[in-house]
Amino acid sequence: MASKKIHAIYTDDDLLMQAVKQTRAANYHISEVFTPFPVHGLDHAVGLAATRIAITSFLYGLVGLSFAVWMMNYIMIEDWPQNIGGKPSFTFYQNMPAFIPIMFELTVFFAAHLMVITFYMRSKLWPFKKAENPDLRTTDDHFLMEVEADNHDVEILTKFLYDTGASEISLIENEQDH
Amino acid sequence: MSSHYEAPIREPLVLGDKSYHDISVDVGAPVLGKANKSWWIVFTISLIAFLWGLGCIIYTVSTGIGVWGLNKTIGWAWDITNFVWWVGIGHAGTLISAVLLLFRQKWRMAVNRSAEAMTIFAVVQAGLFPIIHMGRPWLAYWVLPIPNQFGSLWVNFNSPLLWDVFAISTYLSVSLVFWWTGLLPDFAMIRDRTNSPFQKKIYSILSFGWSGRVKDWQRFEEVSLVLAGLATPLVLSVHTIVSFDFATSVVPGWHSTIYPPYFVAGAIFSGFAMVQTLLIIMRKVSNLEDYITVLHIEYMNKVILLTGGIVTVAYLIEYFIAWYSGVPYENYAYLSFGAATGPYWWAFWALIICNLIVPLSLWVKKLRRNIVWTFIVALIINIGMWFERFDIIVVDLSKDRLTSSWAMFQPTFVDIGTFMGTIGFFFVLFLLYARTFPVIAQAEVKTILKSSGASFKRLRAVHGDDHSHVQTVEEYPADAGPAANILDKNFESPFNSSSEDVEKNSVDFEKDKGKIDSLLNAIGTFNPDTETQDDLKKINGVGPVMEQKLHQLGIFTFDQVSRMTDREYDLLDEIISEFPGRAKRDDWAGQALILKNKN
């Protein structure tokens, strides 16, 4: 299916925010926005759901903590208990105060790294990944809003976008289906 | 837009009339430009020091630890001093990037990138010392809990030294990930601005294909916040655990419950001193004075004052408790009357003067905002904090419980060379970083430009807090402000009747023939056989439609555009009547000249 999209470029974040709100109010569908920096409140204005990545981090942290507890118990209590400096090694519970630093570090290690890996995977970021911002200036000082144009009169939509303050507008026709 | 409001009493954090584009240009300049002579001089010196240190390390490893000045009494000396010193320096970066993020301190934006880089490079130096000290560094993996050929003889998790292994490797890797994630948008900016195909290739790999989607930014901000939340207790835990190396022992002077908080404060103290040292030079060399301002330096000096104050109180308590305990051995601890008057009196007083007395000058606002004085104080603190660790380790060990084994420590050239080598290595890394990385988190600085930029503060002062913050917009009618667009209906679409049909857009050649000839006579014609056409869209204000029109007129290169003067602008306006005055306002010729010279 050929899909038509309109790329509207703005030169200011406040202008973009207003344009996003106006476009949504006019019932056009914004399929993507590219910005050079995080514009405060834009995700909400575009209508994105809140990210759940912090929750995953918490869960990863629990995994790390469990792993640390299991490892300490296996290595220091079950596999080869030793009397080191008189620290009791009879049960995990008695020896645990000495393991707090390790448990903490592994919790942080798991929570931080797995969350970042999740972020990279979800946002499709990795080495040799090709950048997909349609205009090079969107990493500098331009803001690009992509609007679905399939079921709309392109000319009216163009004029509407111009009225919202877009400085450049281009029509993109995509041959491949998504 | 009152959402950009910031109390007028706050000084601006970005000086000059900066636009978003200016920030990209200023931050990208050191990467896209060429290194100057002073960079090469400093780099060469650092490289020589590094190679010298490398030689000392190879000599140590191939001959044995005996080449150091250690003796039976003093089994830890410069190696662990340097280790703790470097780890301590590595604390400021995460403090700036994490703790200040949680406190929403806007001034962190300009300094966090370099401070994090410094952290990582410093922790790399720190990690070298325990590994060299092992004597057989190729067996360094024995510190990891891996199943092995000795039955299952595991590492000892009761030991603070092993906690250190976990703390420092977690700290290093989490700092690295935090740093790199923040770098992605800035690498992407460099990737999209460079004209060199090689740089483009490198930076597109480094930027992981960052595109700046709104969802990516949403996750990016959340990830940064959570990482900050994780890194804050992490950074406190690292030096706490380093202090356990000493505090869990029974050596007088080491066995001290005050160590964890005192070490953490000392680490931040020394780390900020190193950040000052590096940034005061870098802001000058890389022309970043508009971003790393005197205000930033003053803020960091305030952190130095606070942490220095904590350290001072800790010193006084140590001194008092050593005396109050009445234990004779404590009188030889590093903060005691015995130390102040004994053979290591110079190390004691170096500590007191550098860490306790000199930083007090920062209570004076004039001195706190004096860049030269700040630099001197920062250097003195760096030295003082090295002496603090030297005192804790060597002075405490030098007079142990057995009088007959009292000894002094004499460093050999290998001790000194290894230390100098790590300083060289550190600067080699930092200098390479300063030339290849965006040294300021430009994406984050852009987010505070409207609230804390000098020009926007002026705008609010003149026009009131609710005045529009929209920067000059390229086209009518948006120039009158976004709200005007909706009301103003006498607007003509650039896509005349059927929008995507560019033919309909074309210039009326017959009518304007004379003008076009006159225009091309002035700016030169394009010869496709000898010249290649440039991407005119790179000129700010030229979109695809405008480029199309310029092509129709026979304008294909930056060279042609750069020759335009007021007369040619007027001609252009007459031929293409849709955007009157646009070319002149955006200074196409000036932009084209810059773009032309870049090619």
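Tutor: Let us begin with confidence: pLDDT is the predictor's confidence in each residue, on a scale from 0 to 100. The model is predicted, and chain A averages a pLDDT of 90, with 97% of its residues scoring at least 70.

Student: Which elements of chain A mark the lowest and the highest confidence?

Tutor: The lowest is strand β4(A), residues 168–174, with a mean of 84, and the highest is helix α5(A), residues 100–122, at 96. Local features need a pLDDT of at least 70, and the mean of 84 for β4(A) is therefore above that cut-off.

Student: What is the basis for speaking of a "transmembrane region" in chain A?

Tutor: The name comes from UniProt, whose unreviewed entry lists residues 58–77 and 97–120 of chain A. Such annotations may be inferred rather than shown by experiment.

Student: What does the model show over residues 58–77 of chain A, and what over residues 97–120?

Tutor: Residues 58–77 of chain A are 100% helix and 0% strand, and their end C-alpha atoms lie 28 Å apart. For residues 97–120 of chain A the figures are 88% helix and 0% strand, with 36 Å between the end C-alpha atoms.

Student: How many helices and strands does chain B have, and what box do its C-alpha atoms fill?

Tutor: Chain B has 24 helices and zero strands. Along the principal axes, its C-alpha atoms fill a box of roughly 105 × 55 × 45 Å.

Student: What makes a residue of chain B count as buried, and what share of the chain does so?

Tutor: A buried residue has 20 or more other C-beta atoms within 10 Å of its own. Of the 599 residues of chain B, 47% count as buried.

Student: Which residues of helix α22(B) are buried, and why are they placed on the same side?

Tutor: In α22(B), residues 566–575, the buried residues are E568(B), Y569(B), L571(B) and L572(B). They cover an arc of only 160° around the axis, and therefore lie on the same side of α22(B). On the other side, D566(B), R567(B) and E574(B) are exposed.

Key. Residues numbered from 1 in each chain as written. Chains lettered and ligands numbered in written order. Predicted model: local features only at pLDDT ≥ 70, side-chain atom pairs only at ≥ 80, totals over all residues. Helix = DSSP H or I, 4+ residues; strand = E, 2+ residues; numbered from the N terminus. Buried ≥ 20, exposed ≤ 12 C-beta atoms within 10 Å, placed from the backbone. Arc of directions from axis to C-beta.
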